[in-house]
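Me: I have a model open and some labels to check. Tell me what stands behind each one, and keep it brisk.

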Amino acid sequence: MAGRERGRGPKRGAGGTWTTRPSGPRSFLLVCSFLITLGSFAVLPYMSVLLHQRLGLGLGTVGVVLAVASLVQFSGGVVGGALARRIGLRATMLVALAVRTAGFAAFVPGLGSPSAAIGALFLVSCGAALYLPANKAYLVEGATEAERPRLLSASGSAFNAGIALGPPAAAPFVLTSPGALFAGVAALFAVVGLGHALLPAATAVTAAPGASGPRKDEDPAAPAGSPGAGGPPFVVTVLSVYVFMFFQHYLALYAVPRTSASFYGGVLMGYACLLVVAQPLLSEWIAGLSYRRATRVGFGAMAAGTAVVGAGGRAGIGVGAALICLGEIVLFLKNDLEALARSSAAPAVVFGRQRLAAGIGAFASGVIGGQLYGVAEDLGTARGFWFAVSLQALVLPVLLVPLAGAARRRYGGSRTRPEKHAAAGGGPRRT
């Protein structure tokens, strides 16, 4: 769909910068991004409590169930991208929302059966895997490369606002009236799905307007359908999420005994608010950074933040969280922008690939982090855990990103890129 049909053109704002004024469909998607995460995070953060306390599953079993569900939610983005290429972006979002609605509705009878509850959880995870690549692709459909940073940062802010408000909104009901809570969330998703049915149809375009060709450090012969076709953005996304998830998973274990649960909750709320406000404000600056500098700034901020957290105390934890937030904002947005700019694949495929990278990073962090934190506690130095994470944030990008690039240049030279050939033969290919 042409840019004039999908969104208004760029408008020059104060200071000579270009800003994007979202169209009706885009504005609707941004509102839905908030509502979807609000509903999801009203229940998903409490799944361990429900599975363990209400349904009687052992903590080991609960951990395995949640780990596999998270892996499905992330890595299934590749399936979501492929489905979007076949049936279109709007149709994929409708399928995803139908699956998630069925999953949340299935929790109502599933609250009396562990197997039914686990099945419902996996339905919700599958729906999330299908939805996000199509959502982001629809958002940037027809947008120029200059418009993408604000659109993606606004989407991230909407998602994070829902993440921040969902858990406290559901806290009074999650243990006393879980059936009513799940029914309410299912109804919310059903209404959101009906709204998506009214969106204008959009087709997944192989190369969005304004997309650039391969950069000088990208191997143009790498096949766009393979995970490695994302090049460094794929590897950097794996490492970004890997480092970030140490903070996400283990800050509570470290902070609550040393401060208080209320202080920890305040840190999380402040973190989410900082994400919501800072992402749009920094989007143009991040877009203007070279990829090399962005990775240095992002991983440097994460390394400094985890080291400051390890220094201990309320001030250290608060300042460290703010630095890690900066690292997340820079790395997550820049990785998506760079992956789009370097690939001629459909945006939904690119975002699906990025979700796969995030899943790999999250899974590796969960496996390694538990062992590492256990060793640190056995040695009586939980602070050492954070210094070890800080060291990884500094060393791993320096070691692994050049190795990944060298491997692609060595083994990808004889392969061709079908999308580019198709574009050269007859323009962008639509599905």
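Reply: Start with the elements. A helix here is a DSSP run of H or I with at least four residues, and a strand is a run of E with at least two. On that basis the protein chain comes to 16 helices and two strands. Bear in mind that this is a predicted model.

Me: Why is α2 called roughly antiparallel to α7?

Reply: The axes of helix α2 (residues 24-40) and helix α7 (residues 114-140) cross at roughly 150°. Angles over 145 degrees count as roughly antiparallel. So α2 is roughly antiparallel to α7. The two axes come within 9 Å, and the crossing is left-handed.

Me: Which residues of α2 and α7 meet?

Reply: From α2 come Pro25, Arg26, Leu29, Leu30, Ser33 and Ile36. They meet Tyr131, Asn135, Tyr138, Leu139 and Val140 in α7. By class, this contact of α2 with α7 has eight nonpolar residues, two polar and one charged.

Me: What makes α2 roughly antiparallel to α9?

Reply: The axes of α2 and helix α9 (residues 178-197) cross at roughly 165°. The cut-off is over 145 degrees, so α2 is roughly antiparallel to α9. Their axes come within 10 Å. This crossing is left-handed.

Me: Which residues make the contact of α2 with α9?

Reply: On the α2 side they are Phe28, Leu29, Cys32, Leu35, Ile36, Gly39 and Ser40. In α9 they are Val185, Leu188, Phe189, Val192, Gly195 and His196. Nine residues of this contact are nonpolar, four are polar and none is charged.

Me: Why is Gln279 called buried?

Reply: Gln279 has a relative accessible area of 11%. Buried means under 20%. Gln279 is therefore buried. This residue lies in helix α11. Setting aside residues up to four places away in sequence, Gln279 touches Ser153, Gly156, Ser157, Asn160, Leu274 and Ile329.

Me: How do you know whether Ser157 is buried or exposed?

Reply: The relative accessible area of Ser157 is 8%. The limit for buried is under 20%, so Ser157 is buried. Ser157 sits in helix α8 (residues 148-170). Apart from neighbours within four places in sequence, Ser157 is in contact with Leu275, Val276, Gln279 and Pro280.

Me: And Gly270: why is this residue called partly exposed?

Reply: Gly270 has a relative accessible area of 36%. Buried needs under 20% and exposed needs over 50%, with partly exposed in between. Gly270 is therefore partly exposed. Gly270 is found in helix α11 (residues 261-288). Its C-alpha atom is 8.6 Å from that of Ala322, 52 residues apart along the chain.

Me: Which residues have the most contacts inside the largest nonpolar core?

Reply: Phe104, Phe107 and Leu251 do, in a core of 101 residues. Helix α10 (residues 232-258) gives the most to this core, with 13 residues. Phe107 touches Met47, Ala117, Ala120, Leu121, Val124 and Phe182, leaving out residues up to four places away in sequence.

Me: How much of the protein chain counts as buried?

Reply: Of its 431 residues, 50% count as buried. As for contacts in the protein chain with a separation of 6 or more, 84% are between residues 24 or more positions apart.

Conventions: Residues numbered from 1 in each chain as written. Predicted model: local features only at pLDDT ≥ 70, side-chain atom pairs only at ≥ 80, totals over all residues. Heavy atoms only, no water. Axes fitted to C-alpha atoms, helices over the stretch in contact; angles between N-to-C directions. Parallel < 35°, antiparallel > 145°, perpendicular 65-115°, else oblique. Left-handed = near helix turned anticlockwise from the far one by under 90°. Contact = heavy atoms within 4.5 Å. Nonpolar A, V, L, I, M, F, W, Y, C, P; charged D, E, K, R; others polar. Core = buried A, V, L, I, M, F, W, Y, C linked by side-chain atoms within 4.5 Å. Buried < 20%, exposed > 50% of the residue type's maximum accessible area, 1.4 Å probe, protein only.
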